[in-house]
Amino acid sequence: MSDKHTEKLRLLLKSYAERTATQPAAVKPPSDEGERRRRACGDRLQKVVRVVLQGFVTELESAGHDAAIRDNTDLADAYPSVALAF
């Protein structure tokens, strides 16, 4: 990656760290260990990965390309996932 992209990524991660330091996490009681892990994974995908991917979508769209994020973190019958399509 170029220095410009690396710096943007660092800024995104820094802003995430600042947001999470000020917001208390809402925790739901898990029904079992597997469900707790699935929810924790979905939360991390929403709070970290989706934010970074949204930055990439913005950059791609400003360069004239189409991009979209598929978010499957709320599905009960599948393991959570977040994907970037362009």
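Is arginine 50 buried, partly exposed or exposed? I am working from a predicted model. I looked up its relative accessible area: arginine 50 comes out at 27%. Buried would need under 20% and exposed over 50%, so arginine 50 is partly exposed.

Next I placed the residue. Arginine 50 sits in helix H2, which covers residues 33-62. I listed its contacts, leaving out residues up to four places away in sequence: Leu45, Ile69, Asp71 and Val82. I also checked arginine 70, which is 20 residues from arginine 50 along the chain. Their C-alpha atoms are 9.4 Å apart.

Then I turned to salt bridges. The search of the whole structure returned seven. I noted three of them.

Entry one: glutamate 59 pairs with lysine 8, N to O at 2.8 Å. This pair joins distant parts of the chain, 51 residues apart. Glutamate 59 belongs to helix H2, and lysine 8 to helix H1 (residues 3-22). I found glutamate 59 partly exposed at 37%. Lysine 8 is partly exposed too, at 30%.

Entry two: arginine 36 bridges to glutamate 33, with the closest N and O atoms 2.7 Å apart. The two are three residues apart in helix H2, which means a separation of about one helical turn. Arginine 36 is partly exposed at 37%, and glutamate 33 is partly exposed at 42%.

Arginine 37 counts as exposed, at 52%. I logged Glu33, Arg36 and Arg37 as a salt-bridge network.

Notes
Residues are numbered from 1 along each chain as its sequence is written. This is a predicted model: local features need pLDDT of at least 70, side-chain atom pairs count only at pLDDT 80 or more; totals for chains, interfaces and linings use all residues. Side-chain values use heavy atoms; hydrogens and water are left out. Helices (H or I, at least four residues) and strands (E, at least two) are DSSP runs, numbered from the N terminus. Buried means under 20% relative accessible area, exposed over 50%, partly exposed in between (1.4 Å probe, protein chains only). Contact means heavy atoms within 4.5 Å. A salt bridge is a side-chain nitrogen of Lys or Arg within 4 Å of a carboxyl oxygen of Asp or Glu.
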